Amino acid sequence: MRTTRTRFTAMAATVVLAVTGSACAAPHSTSPGSEPSGTITWYSSTFGRNDVDLRKTLVKAFEKVHPAIHVTVKDVPSDTDRNRAAITGSILRGSDEIDVYNGDVVWPAQFGREGLALPLSEHLDGAYWQSFDRTLLDGLQYDGKIMAAPLFTDNGFLFYRKDLLDKARLPAPTTWEQLRQEAKQLQDAGLVKYGFSAQWAGYEGLTCGWTEFSADSGGRSVDYHGGTAQIDSPENLKALTYMKGLIDDGIAPKAITTFKEDESQALFNSGQSAFLRNWAYGYNDARENPASKISGKVGVVNLPAFEGQIGRGRTTVGGWGLYVNPHSRNIDADLAFVRWMTGLEAQKILAVKGGLLPARSGVLDDLDVQNANPVFQVAFMNRMVTRPTWTADYANVSKAIYTDVNAALTGTSTPANALKKAQNDITAALAATP
């Protein structure tokens, strides 16, 4: 059955309404109706599967459609922090050596505040933005303007040992309470050592996981206007108490407070965990990793919700977008490249050949895309939530979240005290933002 995702938030609706008029004229524009031409430089690290350079495939296909535009690919570090440093250093100098660049979904507010990106909502019309799930636009804006176009996204999923659930005659859980109960049942039966694995070390991955649990309980960490901390709430106390309870009851290993993606996936692949929260790649890793002991025994579903909540659980938005250097001398060609890269042909290439979740609405409904990866058959039913990336000092806001949440999980603070401290730390970070 074809399903159209229609997730809305107040902030996303505001952004979309703000850009539904006609497109503003771009600087250096050509005459109406003319085809853009010239050479543009695309700053991008490799992405997608390791066995193919998607950049070459995409550029070749783009230049076939736009023969008057030549795209030069410039390699940048795959490390996100080094990547950001290279880009910001160049643009802050006023350089036009970069035209279009890939950037993390957590960059828009910082880049918007510092003038490092062209506000794309001033140059691409409302019909264009309606091609994306509106929740994706939540984290791509600053001061009411969309700073990047979604290139590909990533979501969290619940991976599970299908063989163990079949043996115990248990369904895949749809609530966190059900997951806890089933995990304990599998452990008590001696079928598995641990019930659950995830990314709960003190780093950005915990902010992602926390954002999901918080949203599932009806909470949030920062208000949608980006000015007020809201993490110290009864809803969030419920979420954090649940997370800590998984450790206290031995369902999650104590070492989960040090786990990032690799460690959590390794525990699952080794056959020691019944359930795993991880990103989309987790399914293929469990199936194809030579070290995996559970190939062919894995199922995947949407993340659970808490009992009493309507619908499925929430998944944090990850992924990368396309940004345009405001100093570029060929913005018409830049915009043509952005439009094509976020269009149907390119998005299908990203999914089928690159194994990446497409950002454009409707692409996941394509049968070729769904057949390329079982995860894609689940992804189009995801309910997404963004981290508070609309705050210009997001890095310090996130640090406050993952540091204090991790303190509660390790037992160096109580959940209640950790949320009070996080409230103060987030408030301080927001106050320090110019």
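## Charges over rings

A charge sits over a ring if NZ of Lys or CZ of Arg is within 6 Å of the ring centre and within 35 degrees of the ring normal. Lys260 does this with Tyr203, its charged end 5.0 Å from the ring centre. Arg277 does it with Trp279, at 4.3 Å from the centre.

## About the model

This is a predicted model: local features need pLDDT of at least 70, side-chain atom pairs count only at pLDDT 80 or more, and totals for chains, interfaces and linings use all residues. Residue numbers run from 1 along each chain as its sequence is written, and side-chain values use heavy atoms, leaving out hydrogens and water.

## Aromatic pairs

There are 24 aromatic pairs here (Phe, Tyr or six-membered Trp rings with centres within 6.5 Å; planes under 30 degrees apart are stacked, over 60 edge-to-face, the rest tilted). Take Phe47 and Phe152: their centres are 5.5 Å apart and their planes at 25°, so this pair is stacked. The pair bridges 105 residues, from the loop between strand E1 (38-43) and helix H2 (54-65) to strand E6 (residues 149-154). Helices (H or I, at least four residues) and strands (E, at least two) are DSSP runs, numbered from the N terminus.

Phe47 is buried at 10% relative accessible area (buried is under 20%, exposed over 50%, partly exposed in between, with a 1.4 Å probe and protein chains only). Phe152 is buried too, at 10%.

Then there's Phe62 with Phe337, an edge-to-face pair at 5.1 Å and 85°. Phe62 in helix H2 and Phe337 in helix H13 (residues 331-341) are 275 residues apart. Phe62 is buried at 0%, and Phe337 is buried at 0%.

## The cluster

Ring pairs tie Trp42, Phe47, Phe62, Phe152, Phe337 and Trp340 into a cluster.
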